[in-house]
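I opened my notebook for a quick look through this fold. Here is the model I had on screen.

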Amino acid sequence: WHSGKNGWEYEDYSTAMGRGDACPNAAEISRLGWASAAEGGDAIDSSILTQPGVAVSFVLPATYLTGDNNYLRVTPDWLPEYADANVAKNLYIAVRVNKGGDAQMNSDYANKVNVHEVNATMDNNYPQRIYQYTDRKISFLALAPALSRVNLTAYKLSVYGGSWVDVDTLKVHLCRYDVTPLECPSLPVIEKWQSPRPPSPRPPPNPRPPKPPSTPPRPPSPPPNPRPPSPNAVSTTFAPPPPNPRPSPPPRARRAAGRRRPA
């Protein structure tokens, strides 16, 4: 579905789903499953903004940096009209910076907090089948540059763009009020006294268990102690028997001397 502004379809220049040359806005990337809300920022209602005039702080990375923990979703149940399904709306809040996929973003929207509104009934009941393919009427609502504040009178909510805390990472503060925005503190007071909620850290990789030390080789057994000779033992040495003498050859018969007798 397209994103508009002031009731005019396509007039949102912060997203390619309007007339912008940029990535989808927070309301769109959340539905696409491309992003997750900041910790504690998925459904900011009166249980989070518990008292009028008390601000709650977050730290948001620009949407081009990461899809993790990069937007806030406000469900303003402190408004009496929020109970009316025909008029209730939710807010999506994110930091947009003209880098990465948003490098060509219109400068009016870049480096600022962007606020969009959507139909709350369709948004709250997703993904029920009846609302899976319905148009939530996404509409651009407001901007808050760093170190500034915008008052959303229809929602009795002040949105603050705080200070940059890291590369393209901004503090964002919210404060609801009963009658007038003057009930909410000034930005310097908020930044001085409140610690923002940091982005959820990425889980560290599971370390490989250390390799158990190798078992040292077993030392060789010592040789057995020689048994001492008995004092009564007698050492006897046997000489080998002498070889048998070689017999002399028999004497040869002597031939008789003289002539042989005639027969």
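My entries cover the sheet, one arginine and the aromatic pairs.

**Ground rules.** I am working with a predicted model, where local features need pLDDT of at least 70, side-chain atom pairs count only at pLDDT 80 or more, and totals for chains, interfaces and linings use all residues. Residues are numbered from 1 along each chain as its sequence is written, and side-chain values use heavy atoms, with hydrogens and water left out.

**Sheet.** I looked up the strand order and found an open sheet of five strands, β1-β6-β5-β4-β3, with mixed pairing. Strands here are DSSP runs of E, at least two residues, numbered from the N terminus, and two of them pair if DSSP finds at least two bridges between them. The edge strands are β1 (4-5) and β3, each pairing on one side only. I also checked β5 (residues 112-119) against β6 (residues 139-145): they pair in the antiparallel sense over six bridges. Val 113 stands opposite Ala 144 in β6.

**Arg 73.** This residue lies in strand β3 (residues 71-74). Is Arg 73 buried or exposed? I found it buried, at a relative accessible area of 11% (buried is under 20%, exposed over 50%, partly exposed in between, with a 1.4 Å probe and protein chains only).

**Aromatics.** I found two aromatic pairs (ring centres within 6.5 Å; planes under 30 degrees apart are stacked, over 60 edge-to-face, the rest tilted; Trp counts by its six-membered ring). Tyr 71 and Tyr 92 form a tilted pair, 5.8 Å centre to centre with 40° between the planes. Tyr 71 sits in strand β3 and Tyr 92 in strand β4 (residues 89-96), 21 residues apart.

Note on methods. Helices (H or I, at least four residues) and strands (E, at least two) are DSSP runs, numbered from the N terminus.
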